[in-house]
There are 8 protein chains.
Amino acid sequence: GIAKVDHHRELRNGYPEVIYCEGKQLEHIQHIIVEMLKRNNNILATRANPEVYEAVKEVCEDAVYHKLARIITIKRKEIQLPETYISVVTGGTSDIPVAEEAAITAEFLGNRVERIYDVGVAGLHRLLGNLDRVTGAKVIIAVAGMEGALASVVGGLVDKPVLAVPTSVGYGANFNGLSALLCMLNSCASGVAVMNIDNGFGAGYMASMINKL
Amino acid sequence: GIAKVDHHRELRNGYPEVIYCEGKQLEHIQHIIVEMLKRNNNILATRANPEVYEAVKEVCEDAVYHKLARIITIKRKEIQLPETYISVVTGGTSDIPVAEEAAITAEFLGNRVERIYDVGVAGLHRLLGNLDRVTGAKVIIAVAGMEGALASVVGGLVDKPVLAVPTSVGYGANFNGLSALLCMLNSCASGVAVMNIDNGFGAGYMASMINKL
Amino acid sequence: GIAKVDHHRELRNGYPEVIYCEGKQLEHIQHIIVEMLKRNNNILATRANPEVYEAVKEVCEDAVYHKLARIITIKRKEIQLPETYISVVTGGTSDIPVAEEAAITAEFLGNRVERIYDVGVAGLHRLLGNLDRVTGAKVIIAVAGMEGALASVVGGLVDKPVLAVPTSVGYGANFNGLSALLCMLNSCASGVAVMNIDNGFGAGYMASMINKL
Amino acid sequence: GIAKVDHHRELRNGYPEVIYCEGKQLEHIQHIIVEMLKRNNNILATRANPEVYEAVKEVCEDAVYHKLARIITIKRKEIQLPETYISVVTGGTSDIPVAEEAAITAEFLGNRVERIYDVGVAGLHRLLGNLDRVTGAKVIIAVAGMEGALASVVGGLVDKPVLAVPTSVGYGANFNGLSALLCMLNSCASGVAVMNIDNGFGAGYMASMINKL
Amino acid sequence: GIAKVDHHRELRNGYPEVIYCEGKQLEHIQHIIVEMLKRNNNILATRANPEVYEAVKEVCEDAVYHKLARIITIKRKEIQLPETYISVVTGGTSDIPVAEEAAITAEFLGNRVERIYDVGVAGLHRLLGNLDRVTGAKVIIAVAGMEGALASVVGGLVDKPVLAVPTSVGYGANFNGLSALLCMLNSCASGVAVMNIDNGFGAGYMASMINKL
Amino acid sequence: GIAKVDHHRELRNGYPEVIYCEGKQLEHIQHIIVEMLKRNNNILATRANPEVYEAVKEVCEDAVYHKLARIITIKRKEIQLPETYISVVTGGTSDIPVAEEAAITAEFLGNRVERIYDVGVAGLHRLLGNLDRVTGAKVIIAVAGMEGALASVVGGLVDKPVLAVPTSVGYGANFNGLSALLCMLNSCASGVAVMNIDNGFGAGYMASMINKL
Amino acid sequence: GIAKVDHHRELRNGYPEVIYCEGKQLEHIQHIIVEMLKRNNNILATRANPEVYEAVKEVCEDAVYHKLARIITIKRKEIQLPETYISVVTGGTSDIPVAEEAAITAEFLGNRVERIYDVGVAGLHRLLGNLDRVTGAKVIIAVAGMEGALASVVGGLVDKPVLAVPTSVGYGANFNGLSALLCMLNSCASGVAVMNIDNGFGAGYMASMINKL
Amino acid sequence: GIAKVDHHRELRNGYPEVIYCEGKQLEHIQHIIVEMLKRNNNILATRANPEVYEAVKEVCEDAVYHKLARIITIKRKEIQLPETYISVVTGGTSDIPVAEEAAITAEFLGNRVERIYDVGVAGLHRLLGNLDRVTGAKVIIAVAGMEGALASVVGGLVDKPVLAVPTSVGYGANFNGLSALLCMLNSCASGVAVMNIDNGFGAGYMASMINKL
Ligand SMILES: Nc1ncnc2c1ncn2[C@@H]1O[C@H](COP(=O)(O)O)[C@@H](O)[C@H]1O
Ligand SMILES: Nc1ncnc2c1ncn2[C@@H]1O[C@H](COP(=O)(O)O)[C@@H](O)[C@H]1O
Ligand SMILES: Nc1ncnc2c1ncn2[C@@H]1O[C@H](COP(=O)(O)O)[C@@H](O)[C@H]1O
Ligand SMILES: Nc1ncnc2c1ncn2[C@@H]1O[C@H](COP(=O)(O)O)[C@@H](O)[C@H]1O
Ligand SMILES: [Mg+2]
Ligand SMILES: [Mg+2]
Ligand SMILES: [Mg+2]
Ligand SMILES: [Mg+2]
Ligand SMILES: [Mg+2]
Ligand SMILES: [Mg+2]
Ligand SMILES: [Mg+2]
Ligand SMILES: [Mg+2]
């Protein structure tokens, strides 16, 4: 087999096996899934378009597709949920696919998730009107494109760790997410750490780690 | 003389004559001032350090130095003040020199200016607690470094034109003001236009234009 | 509903409700329009391609499509026009779509607009021959790609606030609008503020704000 | 007073009041310290050079200077330590000032800190030989310049959240920390979030938040 | 003929004639191949998609297509293999096409190649478990995208020259391979030199040169 | 009509009227051509794909299409040729389309052109073997992508003005022509000036100007 | 001797020998001058500060220092002047040092030079009022910082080749001359070619080449 | 002790212990040297200014300073020289410090080195006149700033591996070595691999590795 599937990680940390589908050929993905299924682990496949899902279903009938999040999940083991929850906030509606990637990832890793979408800084009353659900979380994922100011505003209002996910939403001088990325890295609010542009998966994974501490 | 002093502009728009001192030799600045004084206009010299001021005082005794703003002003004509005012807000205390450059410029051009400093988004209550003074203005100058989110938040709260001035305040991935610049250019709030990094003068000048419409 | 439609803004400032269509799914756009129509406000949808228009027409028969500007407008309330006008100038013919986005936005917000297109600096006589229509405006929108010098030249000739819109028109070292953006940010003419690359909507919106002061 | 000291934050989250000294004038820093001392809170001043320390000592005799970390601390209240600890690892010896900024910050906020310095990827046995002290932590701060690969390697070996701090250490194509920043943002190891270049303080602060969850 | 085929090189160094197919028209490629075949040399065509292969087969029946590597080879002369070998390692499975470009190039130039794929730093045990095959080589090609840390880790473990090939694998702040490129250029391990992003051919060619010294 | 066709230029300098077709709609191009034809001038249309040519032929039967150069020419007036000539050199075969844009432009403006293609620095003997044809020109256009070293080498060998045209040929760290652009701007050979990336037209136009001095 | 002085060039093209002094040690410069003097050629030393001049005077008494241009000249042979002249225009007074580097270089190479300084686009009447002296030249050097629009405006007004020299004059988003460089590379006026940022010498040298054609 | 000195490496590969002095405090350097001396190994300290040398001499009398290369060497063991040699070529005289860092490093690691300096592409006859000494080497180090074309030209002429070292020599659009770096990465000559900007040490180290294969 071409890929060295990483058995170690699953054993070590109770997490599912993960496949990043972008740029992989359908047969390779099928092959990897088949190998993983032998070990009876939960499986999470990210950046999966509908064709990938069709291919995966051929080798695993009960695979579930989360279209907006572009995620495929295969469940083999139950995971216990902690009491605490993760909240996922977005600046606009266009940021929702990335937010869903984070939310579905976190849920599949065994977490309660609270979604608070479209509460960007251009209309602050929307965020302030939902502040309780934000502050009640153990850790917050803030997803925003364009100027990415949401992370700073949330970080300033809330006394919890904030994982900021810049998105490539926008045009022109957003330079495919650079504007939001730089904005978030330079946040003057303490307690904000940054993920790669559009990396909802990474945010959901790290938030799960923190939520289970 | 080496510089072609631009008589046109003053006549055309009632504005003072302006010198940008950075990188100019002291004798050149003195020469330019002397030429300008002959026409009896108001004079504004920006980016002037204390040495420049000493040199200017030699040729014009009543020149006034605004240290924080690095501006020298020479007044020869009175300008009438409109009723309306310009408010200047900053994210942090380190942004104050740029804000003062804007404020002194606007005042010298004949405007009332309201200063609301150190009200950045990491502590939103500070801005919300001063909102009346912000919204009461005819035009707002928002000065911020690091992530520059202040412009978006102000733009979202207020129904007035906002001139956003990114500053080079910060370090690392602020890339000398690039982070704030990109943030402000990508503001999801409508009614925000952007000046060059650290360009307090330009903001004060344009705000004056708008305030006098 | 997925999107938190921002009732606040319309009430607060008499402006229409605005939708940014790029990257939104047709059903989402239809849903948002339906919600907005219940409040009987004027509606402006930007970055709308013909498919979006078809979808909108299904839920709102009298929606109007401005093809060049990629804008859909729905009118429910009359807005009074001020006496003054906004002029929109472009460097070339390829900048016209962005200029139209600005012009249609400004008109829909209740402004008279004067269009002066294809008067770029490579043939200065074209601008000089139309100077009266430019200087007669209360505020000017200057739209240009490539080297973006138009904003500086207009700013130098005219004693009115100039909103500069860099466009992504060009190739090679224009880096998708970066050249025009930097040029405009560094304008040596006073009274020039800059919008995001290709952001005609933002310029039209801000110009309307200023024109109604 | 020029600065709006943020009383809110301290009350809200039990954290000290924090000053970023870079670019601030000595009198301003003294003034801010004096104001803060009235509220009897713990105080942390970052990016403080020896001159700043001399100025602070004039207004507060028991201020302590942490030279390598460029931090001044003033203690007024005792903070209880949790059982768990934070580990701080660095790639090289030149990264130690940033690491110390993180470590001192975390300790002053009431955390045990384990320092594991100079264990970069060019000599992997150094990291592997210290793995127990790394994995025993509740959260890990990984500080590295140049190629910044340490964060990925630690993230791959350890099942704990990693806060990655790129440093500006290096030359040439490190572009003042950009290489390490991009490397860390693109980490193929899950569970890594990134701070601004050289932002030891932010890492210490966020790690403390997580350690106390 | 439009292209000046470079006879010189083949004579001088025993290497095959090489065509870079990207952006060339099919007829041009056919023409060049026909010219080259007259001189009875080995021929290597890189960046060849299936259409190119079809066109080449029309003028040369025994051309062989290496699909993953996007390489076409035509063999006319036998080359003697040295005892020593080149090892090619990759961080992930998505880096394999670039690695294969390097491996096929090196093999066609007359070298034994050892492939060690999918051993990236996020799961270090995979690399450590294959260390013998890596260290046994005379020269190593390390292919990795995203953060590109593999080159540093290999360089630190092994006392052989490492040719690092950054790939464009990844998304967001990988900026099409920039992250891996900068990471590799700043390697703190000695004995690492860097090729262009995705330049498997160049790495295979240079490794062959070194392996035959 | 939407476009202000620039009659001035033709009259002033004996040059043809020029249209840049990229991004223009077919009807607009047809309209502009029709207007120009009324004045009986020579016409040059650049960046014209085959569809554009079809549209132009509908309004002007004798329009000629130069496919490789993507240029359409319409001849109405004869231009006298000077004795001297322009030479156009390229590094590789992939640079030929840009070179042809320059060559066809120069020829249509009334110049003799000598083409010396595929003589890049990786095989210096090819350039040295053609040196006479290069040095015999009055002005040289050097077209190269990737590292763009050709301009420096030609500039060093020849005592004539060199117009360097970087091309976007290459991949990876060529960043769409940035590598060749920077290389050419930093040429250590005197007598080299640089055009925009892929700007064959501009080079042909300027070379014609110089050739006719 | 450490440097291989290039005798070739002088013989070949009648130009002086040239030294770039920046970053060279005083003794090295003295050594190179002494070697050159033996061949009795004219010598031009650029980027020479006063200390360099002192050192050069020690080995050559009649060396002349052009302070503003930072150039040292040593004359041994007379050069005949052509009838035609080169004009050098600048946008502002801060661009004069670069302009003087160009002017002194061109004069020393045997050209008449017309200086037209401080005629930037923010006050177009200054350029229009001097147009005759600009258009009368055989070739024009346009020197400008900030937005660098001067080159486009001159290129549009004049039917002569324009060598555009971007300067690093400005601040913030001028990014040390990048704004002017990109502006000039993207000039929509035909007949403009670009030199490196602040490269007055190169412009003077190339203009001389063209002026003597 | 603060630094974990890496005993491993020396034992493993017969190379000296290496210290990178930039940014390290004098006492730390002294401490590291003293520790290293106990093991009786050869020691190489790079980026050492004269003050560092004074400090090192205090703890090791026979330390030798190579001023141009900014290297300190301490010899304790003899290394046998292979018959083959490394050649180091530079484009200009300003590149010599980086070249010397490479040459001294290689010599201290036990290699014969041939220096061929100031043979850049602007005067090709200088390189062609020294070709034998270049091609006679087993591996070549090509050091060049500005456009960095030397590496491509050498790579094209010579059938040996070329290690290209871009330098930060130049100004303006060289962007501190970026131009040479990109040029070298995009070399169209095969057999060229690239080091970090100004990384003479790395080139010398890797060349030594290759020379001893
Ligand atoms: N959307 C994603 N973004 C970033 N990293 C991911 C993503 N999905 C999966 N990964 C990481 O990539 C690894 C799998 O890579 P691969 O072996 O190429 O499928 C997983 O272990 C995850 O750590
Ligand atoms: N073309 C545009 N460019 C920039 N901002 C826009 C544009 N069109 C709409 N907007 C802004 O985007 C907001 C709507 O975003 P959304 O809720 O995502 O549709 C509006 O309130 C406007 O402020
Ligand atoms: N995939 C590749 N990447 C980089 N350089 C290549 C590649 N394939 C071929 N080359 C080089 O490009 C040259 C051929 O270019 P061309 O004449 O345009 O086909 C060869 O001599 C190689 O040195
Ligand atoms: N000038 C240099 N450039 C790049 N790497 C260097 C240089 N000098 C030393 N090194 C590397 O840095 C390591 C020593 O780092 P340190 O322990 O911080 O002194 C050595 O093992 C070398 O691999
Ligand atoms: Mg917070
Ligand atoms: Mg607003
Ligand atoms: Mg104006
Ligand atoms: Mg981990
Ligand atoms: Mg090694
Ligand atoms: Mg020459
Ligand atoms: Mg012209
Ligand atoms: Mg070669």
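The structure is a predicted model, in which local features need pLDDT of at least 70, side-chain atom pairs count only at pLDDT 80 or more, and totals for chains, interfaces and linings use all residues. Residues are numbered from 1 along each chain as its sequence is written, chains are lettered from A and ligands numbered from 1 in the order in which they are written, and side-chain values use heavy atoms, with hydrogens and water left out.

The O atoms of Gly155(A) and Val158(A) coordinate the magnesium ion (ligand 5) at 1.9 to 2.4 Å. Donors are N, O and S atoms within 2.8 Å of the metal (3.2 Å for Na, K and Ca); water is not among the atoms, so sites may look incomplete. In chain E, the magnesium ion (ligand 9) is coordinated by Gly155(E) (O) and Val158(E) (O), at 1.9 to 2.4 Å. Gly155(E) and Val158(E) are buried.

Helices (H or I, at least four residues) and strands (E, at least two) are DSSP runs, numbered from the N terminus. In chain A, helix 2 (residues 26–38) packs against helix 3 (residues 50–59) at an angle of about 40°, their axes being 9 Å apart. Axes are lines fitted to C-alpha atoms, for helices over the stretch in contact, and angles run from 0 to 180 degrees between N-to-C directions. Helix 2 of chain A is therefore oblique to helix 3 of chain A; angles under 35 degrees count as roughly parallel, over 145 as roughly antiparallel, 65 to 115 as roughly perpendicular and the rest as oblique. Contact (heavy atoms within 4.5 Å) involves residues including Ile29(A) and Ile33(A) in helix 2 of chain A, and Val52(A) and Val56(A) in helix 3 of chain A.

Helix 8 (residues 178–185) of chain F is largely enclosed by the rest of the structure, because 8 of its 8 residues are buried. Among them are Leu178(F), Ser179(F) and Cys183(F).

Most residues other than glycine have a negative phi. Asp198(E), however, has a positive phi near 65°. Asp198(E) lies in the loop between strand 9 (192–194) and helix 9 (200–211) of chain E, and is buried at a relative accessible area of 15%. Arg47(G), likewise not a glycine, has a positive phi of about 50°. The loop between strand 2 (43–46) and helix 3 (50–59) of chain G contains Arg47(G), which counts as buried at 9% relative accessibility.

Technical notes
Buried < 20%, exposed > 50% of the residue type's maximum accessible area, 1.4 Å probe, protein only.
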